[in-house]
Amino acid sequence: MGITTNEILIPQRTFRTKVEKDLEFDTTLTDYCPDVARLIRVDCTPFAESCSFENGKATVNGKAVYDVLYETDYKNRLKYCSFTQEFSQTVPVRAAGENASVICDVKCERIGCKLLSPRRLIIKATLGAGFELEGESALSVLAVNRDEDTFFKSKEVEFEGKAAFLEQSFRFAESVALLQHEKSVGDVVCASVSLQEPQISISGDKAEIKSVATVRTLCEEESNEGSYFVSQKALPISFEIQNELIGESKRASAVILPTDVAVTPELDQYGESRVLKADFGVKLTLKLNEQRQCAVAEDMFERDYRSELVFDEVALPQLALQTEISFTAEGKISDITPRQEAILDCYVRENGVSA
């Protein structure tokens, strides 16, 4: 009696690690920027532009964007400028399959800045790069003919296939009127965009992703130099991506990142500078997990027969539960000396939460 087997491929996470990358950036202000009297805030936002696995090594290439907000030597007015530095980080991988895919999440862990002169500063940042490799392992199962009579009882086994990734970039431009209590805008000093966790709905081979973009803008009042306020606007955004892989997937997750933002003041219908136009980009990475099925034999010959097969048990990876919980946290800011009349701006940096 002949025995025929089928080979199925199941996903397997073969490698996970986190490494740190130290960056140092020594720069001089451009000619159109006034001298620095006092540094106010320096941020670093890293972007992973490409991840690859080759010759036993995982590599991420990207760029770090440094945003500097400072007080100038001219009437204590504020100025904002940005600088970009490329980076690359490679880690050796102990074991991975030929068709392994690599994912890398890069965040800024620490940052410091020192003013060397009124026109020169040095920035030191530490990036945390988390690498994950996913490959496939082969498993042989007894072939069962579903169309004809067979000696064996069979059952359908479901398992998740290897994840597929789709990437696409989008652009948004929205104009929003200021609130009644907000002053007219003379100049926009700087702006930033943050995105809420996306919501995904799948219909056929099309995925619709919805989120909310929060645009925060530091503005100087019109006809009142040296007086500033922060305007925060929430903009609902949605975009679609269509691909045949989406129709074959039973589960999808998305990561959305803002790429850049530009905010400019505009005139309203009364000729006042009370409209802000936000233009920003979003990079979408859609992760698809294909649901696979395979018919396997559930029983074999009794032990009395001379032919006896040996079985191994294999645990197939299966997502049992995926949920999201929202929470709030609050804390008291220590007393500031000298005490400020009003808080101009505040922000939160989240360095990663796992459970």
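User: Quick one: is Tyr-66 buried or exposed?
Analyst: Buried. This is a predicted model, and in it Tyr-66 has a relative accessible area of 0%.

User: And Phe-25, buried or exposed?
Analyst: Phe-25 counts as buried too, at 14% relative accessibility, because the cut-off is under 20%.

User: How many aromatic pairs are there?
Analyst: The count comes to five aromatic pairs. One of them is Phe-25 with Tyr-66: the ring centres are 5.2 Å apart and the planes sit at 20°, so that pair is stacked.

User: Which strands are those two in?
Analyst: Phe-25 is in strand S1 and Tyr-66 in strand S3 (residues 57–72), so the pair ties together parts 41 residues apart in sequence.

User: What about Phe-170 and Phe-239, how far apart are the ring centres?
Analyst: 4.6 Å, with the planes at 20°, so this pair is stacked. Phe-170 and Phe-239 are both buried. Together with Phe-172 and Phe-280, they form one aromatic cluster.

User: Switching topic: what order do the strands take in the open sheet with S1?
Analyst: S1-S6-S5, three strands with antiparallel pairing. Strands S1 (5–28) and S5 (101–117) are the edges, each pairing on one side only.

User: How many bridges join S5 to S6?
Analyst: 15. As for residues facing each other, Val-102 stands opposite Leu-133 in S6.

User: Last one: what does the Ser-211 side chain reach?
Analyst: The backbone oxygen of Gln-196, at 2.8 Å. Ser-211 lies in strand S11 (residues 206–221) and is buried, with a relative accessible area of 8%. Ser-211 also touches several other residues, among them Pro-198, Leu-235 and Ile-256.

Note on methods:
Residues numbered from 1 in each chain as written. Predicted model: local features only at pLDDT ≥ 70, side-chain atom pairs only at ≥ 80, totals over all residues. Heavy atoms only, no water. Pairing = 2+ DSSP bridges. Helix = DSSP H or I, 4+ residues; strand = E, 2+ residues; numbered from the N terminus. Buried < 20%, exposed > 50% of the residue type's maximum accessible area, 1.4 Å probe, protein only. Polar contact = N/O pair within 3.5 Å; in protein donor to acceptor, adjacent residues only side chain to side chain. Contact = heavy atoms within 4.5 Å. Phe/Tyr/Trp six-rings, centres within 6.5 Å; stacked < 30°, edge-to-face > 60°. Lists of a residue's contacts leave out its neighbours within four places in sequence.
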